[in-house]
Amino acid sequence: MTLTITTQLDCKGLACPMPIVKTAQAMKTLRPGELIEVLATDRGALRDFVAWAKATGNRLVEQTEGDGVLRFVLEKKG
Amino acid sequence: MPARVVVLGGGVGGTLAANLISKELGAEAKVTVVDATGMHLYQPGFLYVALDQANARWLTRDERTLLRKQVDLVVDEAKTIDAAAQTVALARGGTLPYDYLVLATGSRLDRDAVPGYADTHDFYSLDGALRLREALRRFDGGRILLGVAGIPYKCPPAPVEFVLMAEEYLRKRGVRKNSSVTLLSPLNRAFTIESASKLVQPIFDRRGIGLTTFFNVESVDARARTVTSLEGETAEYDLLILVPPHKGAAVVMDSGLGDAGGWIPTDRNTLTHTAHERIFAIGDATDLPISKSGSTAHFEAPIVASRIASFIRGTAPKAAYGGRVMCFLETGGGRATSLRFDYAHPPIPPQPSRLWHWAKWIFNRAYWVTVPQGRVG
């Protein structure tokens, strides 16, 4: 299945907790069910995004890593 | 003719950099500091003023008295910088030409960015700290919330310090029993730095301080006395204290030298502007992913001073910034811990003790005769 990503957010080079804050801001502009792709380089994001998704009810759909870049795909909760 | 070095900003970083460049180069350089007020503010003191532990008079000094006599002080606002012409235009007219420019322009508070901010308090300016002090003196019980309304902000440990110290303050005033103190944290822990968070959490638990996680403040409803997060949560308050959103200086933004937030794109080691080799940036003004604190500016200033001295003398600059920062963190009860770290090494804070509390106290007292003159490394 190919995911249709509505919004992309580049948080590369940003330190914790900026990726979370930027994602929370961007999430406001999405409609329920839409997907956002977030790129980050801060390793702390690995744990933070899992916890954030759990706490906010938004779903962490995909999580990959390559060339030192962490990629998260989140779905806005309904 | 001596080389012209212009320093914008008379805070910790600007003052120290100007003094060090002047000391190192003597007659080889003419150093000029431009500062809008001519008054130096010791910002770490705001926290103590708000909590009625310090007198506001202690926090300000005439900038002139902190600068070497060979350093010129221009009390005026820098309006724009022309990086191609190497000049700075001043608000009252006139321009200052430079060979090297140090941007120590700090950060500005952007309270208007939060709807409903007027109903809140903060300790991020002297006026704010004095207003909060009055509100706390009148406070006779209820819910105190402390939230973060924008990142990055100055002094990352300050929200944690504030709730710990406020809880103690309420106990001393005898109103703790009918009060609650809660930190609204942008993350899933009390503090960005994990090791410090682990140290602080048991203290929160022991003293009954609340922690609400993933709460990035978006707006305040003064009538309903509620604060709402970007995540969609709402919390009720009786006294709301916010860390206001911060942005870079107007002169940086108006001159096209900053990013969208007004922070200066800065090389993490050389501290030069990434697009202009004769422009350096230190302290809050940079876009570096490290603490916005006086300590950061304090450790960066000697690097910039040394590199500028090398350029002026035509030698290869060697000094490089490794991301060194050192902060104290008050935990209340006359105890504190310390956070020392750099780009490569996260901090390992010691257990809170009286030693670090006194170290912070002595540092605060001795600040005026030590830091601006470069007497502590």
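In this predicted model, three strands of chain B form an open sheet in the order 14-15-16, with antiparallel pairing. Strands are DSSP runs of E of at least two residues, and helices are runs of H or I of at least four, numbered from the N terminus. Two strands pair if DSSP finds at least two bridges between them. Strand 14 (217-221) and strand 16 (234-236) of chain B stand at the edges. Each has a single partner strand, so one side of each is left without a neighbour in the sheet. Neighbouring strands of this sheet are turned by 25° against each other on average, direction ignored.

Strand 15 (residues 226-229) of chain B pairs with strand 16 of chain B in the antiparallel sense over three bridges. T228(B) stands opposite T234(B) of strand 16.

Helix 4 (residues 158-172) and helix 5 (residues 194-207) of chain B also meet. Their axes come within 12 Å and cross at roughly 25°. Helix 4 of chain B is therefore roughly parallel to helix 5 of chain B (angles under 35 degrees). Axes are lines fitted to C-alpha atoms, for helices over the stretch in contact, and angles run from 0 to 180 degrees between N-to-C directions.

In the contact (heavy atoms within 4.5 Å), V160(B), V163(B), L164(B), E167(B), E168(B) and R171(B) of helix 4 meet V200(B), I203(B), F204(B) and R207(B) of helix 5. These residues divide into six nonpolar, no polar and four charged. Here Ala, Val, Leu, Ile, Met, Phe, Trp, Tyr, Cys and Pro count as nonpolar, Asp, Glu, Lys and Arg as charged, and the others, Gly among them, as polar.

Residues are numbered from 1 along each chain as its sequence is written, and chains are lettered from A and ligands numbered from 1 in the order in which they are written. Local features need pLDDT of at least 70, side-chain atom pairs count only at pLDDT 80 or more, and totals for chains, interfaces and linings use all residues, while side-chain values use heavy atoms, with hydrogens and water left out.

Methods
Angles under 35 degrees count as roughly parallel, over 145 as roughly antiparallel, 65 to 115 as roughly perpendicular and the rest as oblique.
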